[in-house]
Amino acid sequence: MTTRLYTHPIFLEHLTPPGHPERPDRLRAIERVLDEEAFAALDRIQAPEGDEATILYAHPADFVARVRAAIPDEGIARIDADTTASPKSWQAAITAIGAANAAVDDVFSGRADNVFVAARPPGHHAEKTTAMGFCLFNTAAIAARYAQKKHGVERVAIVDWDVHHGNGTQDIFWDDPSVLYCSTHQMPLYPGTGAKTETGAGNIVNAPLAPQTGSEVFRDAFLSRVLPALDNFAPDLIIISAGFDAHHRDPLAEINLTEDDFDWATGQLMQRAARHSGNRLVSLLEGGYDLQGLAFSVAAHVGRLMKG
(Lines give C-alpha, C1' and ligand atoms only; values in the text may rest on other atoms or scores of the structure.)
Protein backbone atom coordinates (compact mmCIF):
# COMPACT_ATOMS: atom_id res chain seq x y z
CA MET A 1 0.00 0.00 0.00
CA THR A 2 1.15 3.55 -0.75
CA THR A 3 0.25 5.82 2.18
CA ARG A 4 0.62 9.58 1.84
CA LEU A 5 0.86 12.05 4.72
CA TYR A 6 -0.14 15.70 4.42
CA THR A 7 0.77 18.28 7.02
CA HIS A 8 2.08 21.87 7.08
CA PRO A 9 3.76 24.25 9.57
CA ILE A 10 0.79 26.64 9.24
CA PHE A 11 -1.29 24.23 11.32
CA LEU A 12 0.89 25.10 14.34
CA GLU A 13 -0.01 28.76 13.92
CA HIS A 14 -3.72 28.29 14.62
CA LEU A 15 -3.45 29.45 18.24
CA THR A 16 -5.84 28.80 21.12
CA PRO A 17 -5.87 30.21 24.66
CA PRO A 18 -3.53 28.79 27.33
CA GLY A 19 -4.93 25.54 28.70
CA HIS A 20 -7.14 24.92 25.67
CA PRO A 21 -7.15 21.20 24.79
CA GLU A 22 -7.03 21.77 21.00
CA ARG A 23 -3.47 23.12 20.93
CA PRO A 24 -0.48 23.10 18.57
CA ASP A 25 1.31 20.53 20.74
CA ARG A 26 -1.11 17.94 19.37
CA LEU A 27 0.51 18.13 15.96
CA ARG A 28 4.00 18.24 17.45
CA ALA A 29 3.27 14.95 19.23
CA ILE A 30 2.08 13.42 15.95
CA GLU A 31 5.11 14.71 14.07
CA ARG A 32 7.48 13.18 16.63
CA VAL A 33 5.92 9.73 16.49
CA LEU A 34 5.72 9.71 12.69
CA ASP A 35 9.40 10.64 12.50
CA GLU A 36 10.27 7.21 13.90
CA GLU A 37 11.98 4.68 11.64
CA ALA A 38 8.82 2.57 11.35
CA PHE A 39 7.28 5.36 9.25
CA ALA A 40 10.23 6.00 6.94
CA ALA A 41 8.22 4.78 3.94
CA LEU A 42 5.47 7.38 4.38
CA ASP A 43 5.09 9.58 1.31
CA ARG A 44 5.28 12.99 3.01
CA ILE A 45 3.85 15.98 1.15
CA GLN A 46 3.43 19.56 2.33
CA ALA A 47 -0.26 20.37 2.34
CA PRO A 48 -1.35 22.76 -0.43
CA GLU A 49 -3.46 25.82 0.25
CA GLY A 50 -7.05 25.11 -0.65
CA ASP A 51 -9.41 26.77 -3.09
CA GLU A 52 -11.70 28.96 -1.00
CA ALA A 53 -14.54 28.30 -3.46
CA THR A 54 -14.70 24.69 -2.28
CA ILE A 55 -15.83 25.83 1.18
CA LEU A 56 -19.13 26.65 -0.50
CA TYR A 57 -19.64 22.96 -1.20
CA ALA A 58 -20.69 22.59 2.46
CA HIS A 59 -21.30 26.11 3.79
CA PRO A 60 -23.20 29.15 2.49
CA ALA A 61 -21.32 32.28 1.45
CA ASP A 62 -22.63 34.46 4.27
CA PHE A 63 -21.33 31.98 6.85
CA VAL A 64 -17.92 31.91 5.19
CA ALA A 65 -17.87 35.72 5.28
CA ARG A 66 -18.71 35.70 9.00
CA VAL A 67 -15.87 33.33 9.79
CA ARG A 68 -13.43 35.43 7.76
CA ALA A 69 -14.57 38.57 9.58
CA ALA A 70 -14.01 36.84 12.95
CA ILE A 71 -10.29 36.31 12.26
CA PRO A 72 -8.41 38.88 14.40
CA ASP A 73 -5.42 40.95 13.28
CA GLU A 74 -3.72 40.11 16.56
CA GLY A 75 -4.38 38.09 19.67
CA ILE A 76 -7.12 35.48 19.98
CA ALA A 77 -10.79 36.07 19.16
CA ARG A 78 -13.54 33.95 20.68
CA ILE A 79 -16.17 32.60 18.30
CA ASP A 80 -18.06 30.69 20.98
CA ALA A 81 -17.26 29.33 24.44
CA ASP A 82 -14.96 26.63 23.00
CA THR A 83 -13.96 27.91 19.58
CA THR A 84 -11.35 30.57 18.92
CA ALA A 85 -9.41 32.10 16.05
CA SER A 86 -6.01 33.76 15.78
CA PRO A 87 -4.44 35.74 12.88
CA LYS A 88 -3.29 32.59 11.02
CA SER A 89 -6.45 30.55 11.62
CA TRP A 90 -7.98 31.33 8.22
CA GLN A 91 -4.87 30.16 6.40
CA ALA A 92 -4.67 27.05 8.59
CA ALA A 93 -8.30 26.15 7.90
CA ILE A 94 -7.93 26.76 4.16
CA THR A 95 -4.79 24.62 4.06
CA ALA A 96 -6.56 21.82 5.94
CA ILE A 97 -9.24 21.90 3.25
CA GLY A 98 -6.58 21.95 0.54
CA ALA A 99 -4.91 18.89 2.04
CA ALA A 100 -8.18 16.97 2.29
CA ASN A 101 -9.11 17.76 -1.31
CA ALA A 102 -5.61 16.88 -2.52
CA ALA A 103 -5.94 13.57 -0.66
CA VAL A 104 -9.14 12.87 -2.59
CA ASP A 105 -7.31 13.63 -5.84
CA ASP A 106 -4.49 11.30 -4.80
CA VAL A 107 -6.66 8.26 -4.20
CA PHE A 108 -8.57 8.75 -7.45
CA SER A 109 -5.43 9.32 -9.51
CA GLY A 110 -3.63 6.32 -8.01
CA ARG A 111 -0.85 8.43 -6.51
CA ALA A 112 -1.76 6.87 -3.16
CA ASP A 113 -3.99 4.08 -1.93
CA ASN A 114 -4.78 5.95 1.26
CA VAL A 115 -3.89 9.28 2.85
CA PHE A 116 -3.69 10.65 6.39
CA VAL A 117 -4.09 14.40 6.84
CA ALA A 118 -2.55 15.72 10.07
CA ALA A 119 -4.17 19.14 10.20
CA ARG A 120 -5.87 21.53 12.56
CA PRO A 121 -8.30 23.06 13.29
CA PRO A 122 -10.58 20.01 13.23
CA GLY A 123 -13.88 20.13 11.38
CA HIS A 124 -16.64 17.68 12.23
CA HIS A 125 -18.58 19.95 14.62
CA ALA A 126 -18.92 22.76 12.06
CA GLU A 127 -22.54 22.81 10.89
CA LYS A 128 -23.77 24.43 7.68
CA THR A 129 -24.01 27.85 9.32
CA THR A 130 -22.29 27.46 12.70
CA ALA A 131 -18.64 27.24 13.73
CA MET A 132 -18.39 25.37 17.03
CA GLY A 133 -16.59 22.70 19.02
CA PHE A 134 -13.07 23.90 18.06
CA CYS A 135 -14.11 23.74 14.35
CA LEU A 136 -14.41 26.53 11.77
CA PHE A 137 -15.27 24.63 8.57
CA ASN A 138 -16.29 21.01 8.04
CA THR A 139 -13.28 19.65 6.20
CA ALA A 140 -14.65 16.10 5.82
CA ALA A 141 -17.92 17.36 4.36
CA ILE A 142 -16.11 19.63 1.91
CA ALA A 143 -13.86 16.73 0.83
CA ALA A 144 -16.88 14.49 0.28
CA ARG A 145 -18.58 17.10 -1.89
CA TYR A 146 -15.29 17.72 -3.71
CA ALA A 147 -15.06 14.02 -4.58
CA GLN A 148 -18.55 14.16 -6.01
CA LYS A 149 -18.01 17.35 -8.00
CA LYS A 150 -14.44 16.79 -9.21
CA HIS A 151 -14.40 13.02 -9.68
CA GLY A 152 -18.05 12.22 -10.38
CA VAL A 153 -18.33 10.01 -7.31
CA GLU A 154 -21.85 8.76 -6.66
CA ARG A 155 -21.54 7.56 -3.06
CA VAL A 156 -19.22 8.75 -0.29
CA ALA A 157 -19.15 7.28 3.21
CA ILE A 158 -17.85 9.25 6.18
CA VAL A 159 -17.00 7.14 9.23
CA ASP A 160 -16.46 9.19 12.40
CA TRP A 161 -14.93 7.49 15.43
CA ASP A 162 -14.21 10.68 17.36
CA VAL A 163 -15.58 10.36 20.88
CA HIS A 164 -17.78 13.40 20.27
CA HIS A 165 -20.62 13.12 17.77
CA GLY A 166 -20.01 14.92 14.48
CA ASN A 167 -23.13 17.03 14.63
CA GLY A 168 -21.83 19.24 11.82
CA THR A 169 -21.37 16.41 9.35
CA GLN A 170 -24.78 15.03 10.25
CA ASP A 171 -26.35 18.47 9.78
CA ILE A 172 -24.78 19.00 6.35
CA PHE A 173 -25.79 15.59 4.98
CA TRP A 174 -29.04 15.08 6.89
CA ASP A 175 -31.24 14.80 3.79
CA ASP A 176 -28.63 13.64 1.27
CA PRO A 177 -28.72 9.91 0.55
CA SER A 178 -25.58 10.13 -1.61
CA VAL A 179 -23.45 10.47 1.55
CA LEU A 180 -23.51 7.89 4.33
CA TYR A 181 -22.52 9.18 7.76
CA CYS A 182 -21.67 6.63 10.46
CA SER A 183 -20.57 7.67 13.94
CA THR A 184 -19.45 5.97 17.13
CA HIS A 185 -19.35 8.40 20.04
CA GLN A 186 -19.94 8.70 23.76
CA MET A 187 -23.48 9.62 24.78
CA PRO A 188 -24.33 11.63 26.78
CA LEU A 189 -21.54 14.05 25.92
CA TYR A 190 -20.99 17.24 23.94
CA PRO A 191 -22.62 18.26 21.60
CA GLY A 192 -25.70 16.27 22.70
CA THR A 193 -26.63 14.87 19.29
CA GLY A 194 -26.14 11.39 17.87
CA ALA A 195 -29.01 9.24 19.11
CA LYS A 196 -29.79 6.04 17.21
CA THR A 197 -33.13 7.55 16.25
CA GLU A 198 -31.39 10.31 14.25
CA THR A 199 -31.34 8.71 10.80
CA GLY A 200 -31.74 11.57 8.29
CA ALA A 201 -32.79 10.23 4.91
CA GLY A 202 -31.80 6.75 6.02
CA ASN A 203 -28.15 7.73 5.48
CA ILE A 204 -27.26 8.52 9.11
CA VAL A 205 -26.09 5.63 11.31
CA ASN A 206 -25.33 6.56 14.90
CA ALA A 207 -23.85 4.08 17.36
CA PRO A 208 -23.72 5.84 20.73
CA LEU A 209 -21.50 4.36 23.45
CA ALA A 210 -22.23 4.63 27.17
CA PRO A 211 -19.60 6.24 29.41
CA GLN A 212 -16.93 3.89 30.80
CA THR A 213 -17.35 1.33 28.02
CA GLY A 214 -14.35 0.10 26.11
CA SER A 215 -13.03 -2.11 23.34
CA GLU A 216 -15.73 -4.79 23.33
CA VAL A 217 -18.62 -2.34 23.07
CA PHE A 218 -16.82 -0.18 20.50
CA ARG A 219 -15.97 -3.15 18.29
CA ASP A 220 -19.50 -4.51 18.57
CA ALA A 221 -20.83 -1.13 17.41
CA PHE A 222 -18.59 -1.36 14.37
CA LEU A 223 -19.50 -4.96 13.62
CA SER A 224 -23.24 -4.60 14.18
CA ARG A 225 -23.97 -1.10 12.82
CA VAL A 226 -21.14 0.63 10.98
CA LEU A 227 -19.76 -2.17 8.82
CA PRO A 228 -23.15 -3.55 7.67
CA ALA A 229 -24.17 -0.02 6.69
CA LEU A 230 -20.98 0.37 4.65
CA ASP A 231 -21.50 -2.96 2.91
CA ASN A 232 -25.08 -2.05 2.09
CA PHE A 233 -24.10 1.41 0.81
CA ALA A 234 -21.02 0.25 -1.19
CA PRO A 235 -19.25 3.61 -1.23
CA ASP A 236 -16.89 4.78 -3.97
CA LEU A 237 -14.76 6.54 -1.32
CA ILE A 238 -14.40 6.23 2.45
CA ILE A 239 -13.44 9.28 4.51
CA ILE A 240 -12.55 8.81 8.17
CA SER A 241 -13.13 11.57 10.69
CA ALA A 242 -10.27 10.23 12.76
CA GLY A 243 -10.58 11.56 16.27
CA PHE A 244 -8.55 9.73 18.90
CA ASP A 245 -10.23 11.11 22.02
CA ALA A 246 -11.99 7.81 22.78
CA HIS A 247 -8.57 6.67 24.05
CA HIS A 248 -8.64 5.79 27.74
CA ARG A 249 -6.11 8.53 28.58
CA ASP A 250 -8.13 11.35 27.02
CA PRO A 251 -9.31 14.04 29.46
CA LEU A 252 -12.48 15.11 27.62
CA ALA A 253 -14.43 11.83 27.62
CA GLU A 254 -14.95 8.49 29.36
CA ILE A 255 -14.49 5.80 26.71
CA ASN A 256 -11.67 3.37 27.36
CA LEU A 257 -10.17 2.44 23.99
CA THR A 258 -6.52 1.61 23.36
CA GLU A 259 -4.40 2.16 20.28
CA ASP A 260 -5.09 -1.48 19.34
CA ASP A 261 -8.74 -0.55 18.84
CA PHE A 262 -7.83 2.14 16.33
CA ASP A 263 -5.54 -0.32 14.54
CA TRP A 264 -8.44 -2.80 14.36
CA ALA A 265 -11.01 -0.24 13.21
CA THR A 266 -8.62 1.03 10.56
CA GLY A 267 -8.16 -2.51 9.27
CA GLN A 268 -11.91 -3.06 9.12
CA LEU A 269 -12.42 0.10 7.07
CA MET A 270 -9.54 -0.81 4.77
CA GLN A 271 -11.25 -4.12 4.09
CA ARG A 272 -14.40 -2.25 3.06
CA ALA A 273 -12.38 0.17 0.96
CA ALA A 274 -10.80 -2.79 -0.83
CA ARG A 275 -14.19 -4.42 -1.32
CA HIS A 276 -16.14 -1.39 -2.52
CA SER A 277 -13.88 1.58 -3.17
CA GLY A 278 -10.76 0.44 -5.00
CA ASN A 279 -8.84 0.88 -1.72
CA ARG A 280 -9.65 4.60 -1.77
CA LEU A 281 -9.55 5.85 1.82
CA VAL A 282 -8.84 9.35 3.18
CA SER A 283 -8.34 9.92 6.91
CA LEU A 284 -8.63 13.38 8.47
CA LEU A 285 -7.47 14.18 11.99
CA GLU A 286 -10.24 15.36 14.30
CA GLY A 287 -9.90 15.20 18.11
CA GLY A 288 -7.51 13.60 20.58
CA TYR A 289 -6.26 15.67 23.51
CA ASP A 290 -3.93 13.52 25.61
CA LEU A 291 -0.62 13.84 23.78
CA GLN A 292 0.61 10.34 24.55
CA GLY A 293 -2.71 8.69 23.77
CA LEU A 294 -2.96 10.72 20.58
CA ALA A 295 0.56 9.89 19.41
CA PHE A 296 0.25 6.17 20.12
CA SER A 297 -3.16 6.01 18.45
CA VAL A 298 -2.05 7.88 15.33
CA ALA A 299 0.98 5.58 15.10
CA ALA A 300 -1.31 2.53 15.20
CA HIS A 301 -3.69 4.06 12.66
CA VAL A 302 -1.03 5.15 10.16
CA GLY A 303 0.90 1.92 10.68
CA ARG A 304 -2.19 -0.04 9.68
CA LEU A 305 -2.77 2.18 6.65
CA MET A 306 0.79 1.45 5.53
CA LYS A 307 0.58 -2.30 6.09
CA GLY A 308 -2.62 -2.86 4.20
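The legends below describe several close-up views of a predicted model.

**View 1. The largest nonpolar core of the predicted model.**
The largest nonpolar core contains 100 residues, and those with the most contacts inside it are Leu34, Phe137, Trp161, Phe222, Ile239 and Leu269. Helix H3, which covers residues 89-109, gives the most to this core, with 12 residues. As general background, nonpolar side chains tend to be buried together in soluble globular proteins.

**View 2. The surroundings of Phe222.**
Phe222 counts as buried because its relative accessible area is 1%, and the limit for a buried residue is under 20%. Leaving aside residues up to four places away in sequence, Phe222 touches Val159, Trp161, Thr184, Leu227, Pro228, Trp264, Ala265 and Leu269.

**View 3. Helices H6 and H7 side by side.**
Helix H6 (residues 215-233) and helix H7 (residues 259-276) pack with their axes 11 Å apart and at an angle of about 10°. Because angles under 35 degrees count as roughly parallel, H6 is described as roughly parallel to H7. On the side of H6, the contact is made by Ser215, Phe218, Arg219, Phe222, Leu223, Leu227, Leu230 and Asp231. On the side of H7, the residues that take part are Asp260, Asp261, Trp264, Ala265, Gln268, Leu269, Arg272, Arg275 and His276. Sorted by kind, the residues of this contact comprise eight nonpolar, three polar and six charged.

**View 4. An aromatic pair between Trp90 and Phe137.**
A search of the whole structure finds eight aromatic pairs, and one of them is formed by Trp90 and Phe137. The centres of these two rings lie 5.6 Å apart and their planes meet at 85°, so the pair is edge-to-face. Trp90 belongs to helix H3, whereas Phe137 sits in the loop between strand E5 (114-117) and helix H4 (139-151), so the pair ties together parts that are 47 residues apart in sequence. Trp90 and Phe137 are both buried. Ring pairs also bring in Phe63, and in this way Phe63, Trp90 and Phe137 are linked into a cluster.

**View 5. An aromatic pair within helix H6.**
The rings of Phe218 and Phe222 have their centres 5.2 Å apart and their planes at 45°, so this pair is tilted. Both residues lie in helix H6, where they are four residues apart, which is about one turn of the helix. Phe218 is buried, with a relative accessible area of 1%, and Phe222 is likewise buried, with a value of 1%.

Arg120 and Pro121 are joined by a cis peptide bond, with omega at about 5°, and Pro121 is found in the loop between E5 and H4. The peptide bond from Met187 to Pro188 is also cis, with omega near 5°, and Pro188 is placed in the loop between strand E7 (179-186) and strand E8 (204-209).

**View 6. Two residues with a positive phi.**
Most residues other than glycine have a negative phi. Gln212, which is not a glycine, has a positive phi near 75°, and Gln212 is found in the loop between E8 and H6. With 52% relative accessibility, Gln212 counts as exposed. Asn279 is not a glycine either, yet its phi is positive at about 70°, and Asn279 lies in the loop between H7 and strand E10 (281-285). The relative accessible area of Asn279 is 26%, and Asn279 is therefore partly exposed.

Gly75 lies in the loop between helix H2 (61-70) and strand E3 (77-78), and with 46% relative accessibility it counts as partly exposed. Not counting residues up to four places away in sequence, Gly75 touches Ala85, Ser86 and Pro87. Phe173 has its place in the loop between helix H5 (167-172) and E7, and Phe173 is buried, with a relative accessible area of 0%.

How values were computed. Residues numbered from 1 in each chain as written. Predicted model: local features only at pLDDT ≥ 70, side-chain atom pairs only at ≥ 80, totals over all residues. Heavy atoms only, no water. Core = buried A, V, L, I, M, F, W, Y, C linked by side-chain atoms within 4.5 Å. Buried < 20%, exposed > 50% of the residue type's maximum accessible area, 1.4 Å probe, protein only. Contact = heavy atoms within 4.5 Å. Axes fitted to C-alpha atoms, helices over the stretch in contact; angles between N-to-C directions. Parallel < 35°, antiparallel > 145°, perpendicular 65-115°, else oblique. Nonpolar A, V, L, I, M, F, W, Y, C, P; charged D, E, K, R; others polar. Phe/Tyr/Trp six-rings, centres within 6.5 Å; stacked < 30°, edge-to-face > 60°.
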